[in-house]
Amino acid sequence: MNILQALFFPPEQPGGVSSMVPYIREQFLEKGWQMELFSIPKRVRSKGTDAVIFATFDWTQYAGNPIVDKYIQTYKDYVWWTRLRIKKTYDLIHAHHPIAALVMKQLFPQTPVLLTIHSSYERELILNGKITEGSTEHHFLTSLYKELEYQLDGLLTVSESFKSYASSYMVDGSGIKVIPNGFDERRFRPFAHENAVPQLITVCRLVPAKGMDTLLGACAELKRRGHPFVLHLIGDGPIREELEQMAIDLNIYEEIIFYGYMLHPEEFMPFFDIFVLPSRAEAFGSVFAEAALCCLALVGTDVGGIAEQIDHGRNGLLVQPNDPIALCDALEMVMADPTYRYQLARSAWMKAKQTYSLSRVILQLKEQYETTQLKIGRE
């Protein structure tokens, strides 16, 4: 079978789609399948001019809104780039972004198109303060779920939590298949070590949705309680300067190292003790699985896919979002008892190896691809 994996932007950054799809291709190639990657370069802007028409709603009622107009122009650009670059047919197309999926179905209507919905753009915009719930942009973006349901030959997502969320905007989302992300274990090498001072690490894009303000508040409380620690903060984003100033104001700047963007943080993680990320929402939270495969104790929030990865008290600890004191209490518990910390880390590692292995994803995708082809063939 000859399959196209249709991404949005090139897979340059770690985490989520970027961590998984190129490794999926590598595994399928080793099994003798044909598989290619496709994405749109970031430099392609304002090239497309074709009209955009959706079958389930009239998007033009939202025209004139900057976010909607940008989304539609990006759709047009993806059409333009795809027409320019793809000159062959495939047995199946697996897209990893709504725009990629809808464009591929538009241009190749006879080819089965699957989509994995990895996250919610509208929830990200709401949590980052860019739009409000019920706004024009929110209505437009949530209307796309019915369009995806109507147009595509199969929908996948990465957690039961996100399946429930997406289904609420569809006619019948029961057919969505959940395939959690998988990771090539060869990338992760746990390292036995002893740190005299507990080393905390977080990896994320620095945006409000990731809850870094909550983490800094928890760290300030840790210091107030007399606990030594170092927080290694890997990632960059629009609120980095704000967070650095917050660290200064809270008198914890000396306890934090701001690294900025790092291409392969999994090479760095095994030397630390605790992975912590108090996200306000996560469809899956790939970085938790990656940290678990590095044998770190996990502390996260009871939201979305994080809560499906962490069994509270067994392989990590969960707290409610936006609660720095509760987060501090959880970190204090893990920091104070090295034996407990090791038990959590070991359990997290074992669950990640069993549940989030790349080989499991390959088997599930292989079955999905073959089932989809057979179903389309009968039709």
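This tour moves through the structure one selection at a time.

The model is predicted, so local features require a pLDDT of at least 70 and side-chain atom pairs a pLDDT of 80 or more, while totals for chains, interfaces and linings use all residues. Residues are numbered from 1 along each chain as its sequence is written, and side-chain values use heavy atoms, without hydrogens and water.

**The whole chain**

The C-alpha trace spans about 65 × 50 × 35 Å along its principal axes. For 379 residues, a compact globule would have a radius of gyration near 21 Å, and the 22 Å of the chain agrees with this. That radius is taken over C-alpha atoms, and the globule rule is 2.2 Å times the number of residues to the power 0.38.

**The sheet with β1 to β6**

Next, select the open sheet of 6 strands in the order β2-β1-β3-β4-β5-β6, whose pairing is parallel. Two strands pair if DSSP finds at least two bridges between them. The edges are β2 (34-38) and β6 (177-178); each has a single partner strand, so one side of each is left without a neighbour in the sheet. Within this sheet, highlight β4 (residues 113-117) and β5 (residues 154-157), which run parallel and are joined by 4 bridges. T116 stands opposite L156 in β5.

Now select α2 (residues 66-85) and α3 (residues 98-107). Their axes come within 10 Å and cross at roughly 50 degrees; axes are lines fitted to C-alpha atoms, for helices over the stretch in contact, with angles from 0 to 180 degrees between N-to-C directions. The two helices are therefore oblique to each other. Angles under 35 degrees count as roughly parallel, over 145 as roughly antiparallel, 65 to 115 as roughly perpendicular and the rest as oblique.

The contact (heavy atoms within 4.5 Å) includes Y71, Y75 and Y78 of α2 and I99, L102 and V103 of α3. By class, it has 11 nonpolar, 3 polar and 1 charged residues. Here Ala, Val, Leu, Ile, Met, Phe, Trp, Tyr, Cys and Pro count as nonpolar, Asp, Glu, Lys and Arg as charged, and the others, Gly among them, as polar.

P98, L102 and K105 in α3 meet L144, E147, L148 and Q151 in α5.

**The sheet with β7 to β12**

Move to the open sheet of 6 strands ordered β9-β8-β7-β10-β11-β12, with parallel pairing. At its edges stand β9 (256-260) and β12 (317-319). Neighbouring strands here are turned by 20 degrees against each other on average, direction ignored. Select β7 (residues 199-203) and β8 (residues 230-234), which run parallel and share 5 bridges; L200 has L231 in β8 as its bridge partner. Helix α7 (residues 212-224) lies across β7, β8, β9 and β10 (274-277), at about 165 degrees to β8.

**Helices α9 and α12**

Finally, select α9 (residues 286-293) and α12 (residues 338-355), whose axes come within 7 Å and cross at roughly 115 degrees. That makes α9 roughly perpendicular to α12. A289, A292 and L293 of α9 make the contact with A348, W349, A352 and K353 of α12.
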